[in-house]
Amino acid sequence: MFNVFGLNPIIMKNVKARGYVEPTPVQSAVIRPALDGRDLVVTAETGSGKTAAFALPLIEHLMGKKERSMEKKPQALPAALVLCPTREVAQQLNGEIAWFARGTGISTAAVYGGVGMQPQVNALKSGTTIIVATPGRLLDHLQRGNVDLGGIKVLILDEADRMLDMGFLPDVSRIISRTPRERQTMLFSATMPHEVLGLVNRFLRNPATLAEEENTTPPETLAQAVCPAVQEEKTKLLVSLLRERNSSRVLVFARTKYRAERVARQLAREGFRAACIHGGRSQQQRDAALDGFRRGQYKVLVGTDVAARGIDVFGVTHVVNYDFPSEPNEYIHRVGRTARAGRDGSAVSFVTMEDRKVLQDIEHVLGQRIPLWETQNS
Ligand code: AMP
């Protein structure tokens with residue numbers, strides 16, 4: 001139960017209103033040491049409940065600060081910073097944090113690239129308590145003097161492996177160097193490659209290390225299948241999968257922006273409502289695609305890893321690896337977009353000759369063979 005943590009009643013009310021009854025394993029592991037103010041390194045991925053794991057203690061911490069500083073002049077500088085890899089993740093985190101902060105007087109603002117600066121400048125200047133940001137845009141604001149990170153008490157690095165994958169290490173380092181040394185830092189990452197550990201060693205102090213147990217185990221409700229394929233046949237296979245009765249919300253992963261666009265076009269030609277999401281699209285296009293997919297306007301969302309990997313859309317029935325991932329963690333991340341929270345889901349992967357080695361690696365990590373796909377249409 002959440003009440004073991006002794007959180008402020010306003011926060012507890014929000015937790016209840018959000019429909020959370022039992023903490024997830026990562027929440028059980030993280031909330032207490034986070035409340036104690038410890039630096040933390042947490043192996044956890046999207047879907048584990050990691051957002052609430054850091055958001056709840058963060059808000060509790062900031063509420064305490066607020067009450068104590070009541071008589072002083074209002075705190076104008078932001079007190080907490082959450083860094084994350086993409087706009088979509090920033091929006092998701094910001095929404096979730098805002099939910100838990102309702103009625104607390106704590107405000108949160110999201111800052112990311114691909115949209116105008118001015119609304120973000122206004123939010124930053126109006127004295128927001130929490131900033132959720134992608135590194136590039138935040139650095140831009142810092143360099144223009146739009147924000148001062150000198151008041152940061154809590155720093156959260158979310159999806160650290162993805163941030164580094166995307167080449168954000170220099171930006172992240174520069175941003176952290178603008179925050180006070182005396183702060184609490186929590187780092188969340190699905191994987192802990194060398195580069196992430198480097199970040200930990202440089203910026204965290206005597207952190208507690210918490211690992212999510214089932215990191216490499218996809219949920220039991222997930223049906224996985226592989227389908228041997230040659231490049232030219234992939235779209236035909238995808239179309240036949242989309243004609244299956246139960247495939248109502250399908251997330252398709254393609255290797256490049258160009259390929260994602262092409263697949264979406266081919267599907268549209270076949271009469272499917274398909275949208276596309278990747279780094280080459282404008283913010284507005286990405287929002288519209290994701291929103292339409294959420295609302296069921298699009299049955300299919302085709303994306304590249306960078307844009308689609310972290311998205312949280314309820315009720316994805318199928319994940320299709322149109323192009324196979326390049327390593328096991330990638331696979332586990334992608335297929336984790338479906339079969340969430342006890343629901344059924346399927347992951348079908350098209351495998352070419354060149355992909356066989358990676359398939360073996362994945363099966364090794366999973367400790368099981370992935371069966372061949374049997375289409376319901378044959
Ligand atoms: P996250 O890993 O933070 O992206 O969360 C994944 C999903 O699980 C989100 O849709 C959350 O709203 C949901 N969630 C997180 N914690 C809980 C909980 N304790 N009970 C029920 N759902 C939760």
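Analyst: Across the interface of domain 1 and domain 2 the rule finds one salt bridge, where a salt bridge is a side-chain nitrogen of Lys or Arg within 4 Å of a carboxyl oxygen of Asp or Glu. The partners are Arg286 and Glu88, with 2.8 Å between the closest N and O atoms. Two residue pairs, both at pLDDT 80 or more, are in polar contact between domain 1 and domain 2. A polar contact is a pair of N or O atoms within 3.5 Å; within protein, one must be able to donate a hydrogen and the other to accept it, and residues adjacent in sequence count only if both atoms are side-chain atoms.

On the side of domain 1 that touches domain 2, helix 4 (87–100) and helix 7 (160–165) each supply at least two residues. The largest share, four residues, comes from helix 4. Helices are DSSP runs (H or I, at least four residues), numbered from the N terminus. By class, this side of domain 1 has four nonpolar, eight polar and five charged residues. Here Ala, Val, Leu, Ile, Met, Phe, Trp, Tyr, Cys and Pro count as nonpolar, Asp, Glu, Lys and Arg as charged, and the others, Gly among them, as polar.

This is a predicted model, in which local features need pLDDT of at least 70 and side-chain atom pairs count only at pLDDT 80 or more, while totals for chains, interfaces and linings use all residues. Residues are numbered from 1 along each chain as its sequence is written, and side-chain values use heavy atoms, with hydrogens and water left out.

Domain 1 covers 2–211 and domain 2 covers 222–366; the bounds come from an automatic or database domain assignment. Their C-alpha centres lie 29 Å apart. In contact (heavy atoms within 4.5 Å) are 17 residues of domain 1 and 20 residues of domain 2. The two domains bury about 1400 Å² between them, 44% of it on carbon and sulfur atoms. Buried area is the accessible area (1.4 Å probe) that two parts lose on being put together, summed over both. Of the area that domain 1 buries against domain 2, Arg87, Glu88 and Arg162 supply 37%, more than any other three residues.

The whole structure has 14 salt bridges. One of them joins the side chains of Glu96 and Arg18 (2.8 Å, N to O). Glu96 lies in helix 4 and Arg18 in the loop between helix 1 (9–17) and helix 2 (25–35), so the pair ties together parts that are 78 residues apart in sequence.
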